[in-house]
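Work through the exercises below with the sequence and the structure at hand. Each task is followed by a solution in steps.

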Amino acid sequence: MSNIGHGALGGWRTRTTFVLAMSASAVGLGNLWRFSYLTGEHGGAPFVLTYVLCLFLIAVPVMVAELVVGSHGRGSPMAAIRWTSDRSLLSRKWMLLGLLACITGLLILSYYIVVAGWGLAYARYMHTGLLSAASAAVVGEQFESLLGNPAQQVYWQSLFLALTLLVVALGVRRGLGLLVWIAVPALIAMLGVLIRFGFEYGDIEATRDFLFSTKLMDFSAHSALVAMGHAFYSLGVGVGTGISYGAYAPARIPIGRSVMAVAVFDTMIALLVGLAIFPIVFANNMEPATGPGLMFVSLPYAFGNILQGELFGTLFFLLVVLAALGSSVAILEPIVGTLMQQARLGRLVATLLVGAVVWLLGLAVAVSFAPGGGVVWFANYNLFGILDRITADLLLPLVSLLTAVLVGWRLRPELLRLQLYRESDLFFSLWRFLLRYIAPLAIAALMLLAFLGVRA
């Protein structure tokens, strides 16, 4: 063990900071470019209901399990898992689960910073009026031009990565804690302004019909699979964030209720994003889309062709960057904490070392988009697509499944109850049942379907 002892990485003083940090980590790019579109495409209300059920039956139990390990272990993923394994007389090989979570987070960051860099670039494009009154074809060509220019991509993703590294290097309180107190209120305020703009200048009727009508004929078994898959990834399980943030949380917080509050907040933000973006899309007579097609083609075209669109388009892409920052910091922190405790490094050195590895991986991703470097638009043979498939279909579910097995089946129940002492006996029993039986089966099903080529 390193000279950085049990619980020595730092911590937050209040439950509010902890909940804000968890909220900032959960509200990522998936909420901005995927959830609202999926809701409209898969039947509206039935999809949301299925998503919420899956969220609380699968993702919440696993996230609570991560927080329990972190709250008891008071360290980085590897250190916390070692501490809890020792208390339950288990093999220290379970520490490898923490290492696997950090590797998963490292791979995700390598392409996450690329997308965040695109967000910064488009905030600049909108601010300068580059896409003002541009046709859909011109907007599409602009995005293809960005993908084909590795130097420009690296410039923007380096700026974003530098901001992420600065926050993490400042520490748990001065960095992470201060960020979430600024980021979450700012995100809500920016979203409110964008919703008001959408109500004033967008097509509210079309948005209401798309998002909030009940269309049972559009809801199928595949829709349920999509809802389950999105619910599983929405809280950011599988990258060690829950363990690290649980280690930084005050000692006497209601972990279960806090996670449920974050899940509700995450869902509300995802729905509100739909109210912010789709009125503008429909007002320009464009078909709704998801992924990069929505974020970097449909929306820039829509904002560029509506009154005051450049201003509010700039605001939207700043919101994208802010949401990405909260998630990237949450993914980076467990890796830095692990290096600090396992390699006996200071926070600044550990942060710079991880940042260098992420930058190099991000460089490889950016180069793979260039002509001759791979297939663009997230094709499976592009490095971006390969990393996305590996992390989403294999590593994230595997880490989550092993976490459910460790906490649900191997750790002593009295140790778990001690960390959840502020929750009722009914909550504890239900959580443990879900963690032992429901979550592992659902995660295994997702992995099997991904293996068979059926993606959620």
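For the angle between two helices, axes are lines fitted to C-alpha atoms over the stretch in contact, and angles run from 0 to 180 degrees between N-to-C directions. The model used throughout is predicted.

**Exercise 1. Helix packing**

Describe how helix α15 packs with helix α16, and classify the angle.

Solution. 
- Step 1. Helix α15 covers residues 347–368 and helix α16 covers residues 383–410.
- Step 2. Their axes are 8 Å apart and form an angle of about 125 degrees.
- Step 3. On the α15 side the contact is made by A364, V365 and S368, and on the α16 side by L383, F384 and L387.
- Step 4. By type, five of the contact residues are nonpolar, one is polar and none is charged.

**Exercise 2. Positive phi**

Find where R74 and R344 lie, and decide for each whether the residue is buried or exposed.

Solution. 
- Step 1. Most residues other than glycine have a negative phi.
- Step 2. R74 has a positive phi of about 50 degrees, although R74 is not a glycine. For R344 phi is near 60 degrees, again a positive value in a residue other than glycine.
- Step 3. R74 sits in the loop between α3 (45–73) and α4 (77–87), while R344 belongs to the loop between α14 (309–342) and α15.
- Step 4. Buried means under 20% relative accessible area and exposed over 50%. With 17%, R74 is therefore buried; with 56%, R344 is exposed.

**Exercise 3. Contacts around P77**

Trace the contacts of P77, S244 and T338, leaving aside neighbours up to four places away in sequence.

Solution. 
- Step 1. P77 is in helix α4, S244 in helix α11 (residues 241–248) and T338 in helix α14.
- Step 2. P77 is buried at 0% relative accessibility, S244 is buried at 1% and T338 is buried at 8%.
- Step 3. P77 touches G98, C102, G240, I243, S244, P334 and T338.
- Step 4. S244 is in contact with G75, P77 and P334.
- Step 5. T338 is in contact with S76, P77, M78, C102 and A343.
- Step 6. For a separation in sequence, take P77 and G242: they are 165 residues apart in sequence, and their C-alpha atoms are 8.9 Å apart in space.

**Exercise 4. Cysteines**

How many disulfides are found in the whole structure? Are C54 and C102 buried or exposed?

Solution. 
- Step 1. A disulfide is a covalent bond between the sulfur atoms of two cysteines. The cut-off applied to the sulfur pair is within 2.5 Å.
- Step 2. A search of the whole structure finds zero disulfides.
- Step 3. C54 counts as buried at 13% relative accessibility, and C102 counts as buried at 6%.

Note on methods:
Residues are numbered from 1 along each chain as its sequence is written. This is a predicted model: local features need pLDDT of at least 70, side-chain atom pairs count only at pLDDT 80 or more; totals for chains, interfaces and linings use all residues. Side-chain values use heavy atoms; hydrogens and water are left out. Helices (H or I, at least four residues) and strands (E, at least two) are DSSP runs, numbered from the N terminus. Contact means heavy atoms within 4.5 Å. Ala, Val, Leu, Ile, Met, Phe, Trp, Tyr, Cys and Pro count as nonpolar, Asp, Glu, Lys and Arg as charged, and the others, Gly among them, as polar. Buried means under 20% relative accessible area, exposed over 50%, partly exposed in between (1.4 Å probe, protein chains only).
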